[in-house]
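The following questions and answers concern a predicted model. Please consult the sequence and the structure as you read.

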Amino acid sequence: MKIGIAADHAGQALKATLVEHLRDKGHDVKEYGPPTDPEDDYPIIVRTLAEAIARGEVERGIFTCGSGIGPAVAANKIPGIRASVLDNEWSARDAVEHLDLNLVTMGERVIGSELAKSIVDAYLGAKVQGGRHERRRKQISDLERATSTSRARSESGSRVTTSD
């Protein structure tokens with residue numbers, strides 16, 4: 001599988017561990033983002049990874065940082081991205097099976113490297129399920145499109161002004 005991976009300064013050690021683990025498992029790994037910089041900003045780095053997923057350059061993505069929370073929030077702003085912080089194997093499988101999760105974020109300050117490898121294995125080994133889950137994924141996509149359309153209309157249409 002072709003996997004994209006990126007990290008901010010707080011996730012570099014975990015990223016390096018996961019890159020080695022993924023390559024040992026035979027995955028094609030593409031790294032995104034600049035080298036570590038204590039002044040880096042995760043929204044910019046995760047955007048690069050998320051957009052690569054959305055374009056189909058990679059099948060799934062992994063982002064590591066201190067907690068995983070901020071990058072998941074930021075990545076979910078990119079159309080077509082379904083990102084979540086994961087800290088256990090069950091959630092990794094469930095997120096793929098039910099939501100077709102395509103970007104996982106993990107906190108180096110939260111989980112150890114062995115657990116992270118196990119989560120990644122569960123995430124990459126899970127298969128998307130149909131049935132009611134497919135219906136719900138479509139509802140999420142419809143919501144995303146409706147929100148994007150509404151946002152585009154408000155940005156291109158009238159400007160709201162207020163007076164004091």
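**Ring contacts, sheet and helices**

Q: Over the ring of which residue does the charged end of R60 sit?
A: A charge sits over a ring if, among other conditions, CZ of Arg is within 6 Å of the ring centre. The charged end of R60 is 5.2 Å from the centre of the ring in question. That ring belongs to Y123.

Q: How many aromatic pairs does the structure hold?
A: Rings of Phe, Tyr and Trp pair if their centres lie within 6.5 Å. The number of such pairs in the structure is zero.

Q: What is the order of the strands in the open sheet?
A: Strand β1 (residues 2-7) is joined to strand β2 (residues 28-31) by four bridges, and the two run parallel. β1 also pairs with strand β3 (residues 60-65) in the parallel sense, over five bridges. The sheet has five strands with parallel pairing, in the order β2-β1-β3-β5-β4.

Q: Which strands stand at the edges, each with a single partner strand?
A: A strand with a single partner has one side left without a neighbour in the sheet. This applies to β2 and β4 (83-85).

Q: Which residue of β3 does I5 stand opposite?
A: β1 and β3 pair over five bridges. Within β3, the residue opposite I5 is I62.

Q: How are α1 and α5 oriented to each other?
A: The axes of α1 and helix α5 (residues 113-125) come within 10 Å and cross at roughly 50 degrees. α1 passes α5 in a right-handed crossing. By their angle, the two helices are therefore oblique.

Conventions:
Residues numbered from 1 in each chain as written. Predicted model: local features only at pLDDT ≥ 70, side-chain atom pairs only at ≥ 80, totals over all residues. Heavy atoms only, no water. Pairing = 2+ DSSP bridges. Phe/Tyr/Trp six-rings, centres within 6.5 Å; stacked < 30°, edge-to-face > 60°. Lys NZ or Arg CZ within 6 Å of the ring centre and 35° of its normal. Axes fitted to C-alpha atoms, helices over the stretch in contact; angles between N-to-C directions. Parallel < 35°, antiparallel > 145°, perpendicular 65-115°, else oblique. Left-handed = near helix turned anticlockwise from the far one by under 90°.
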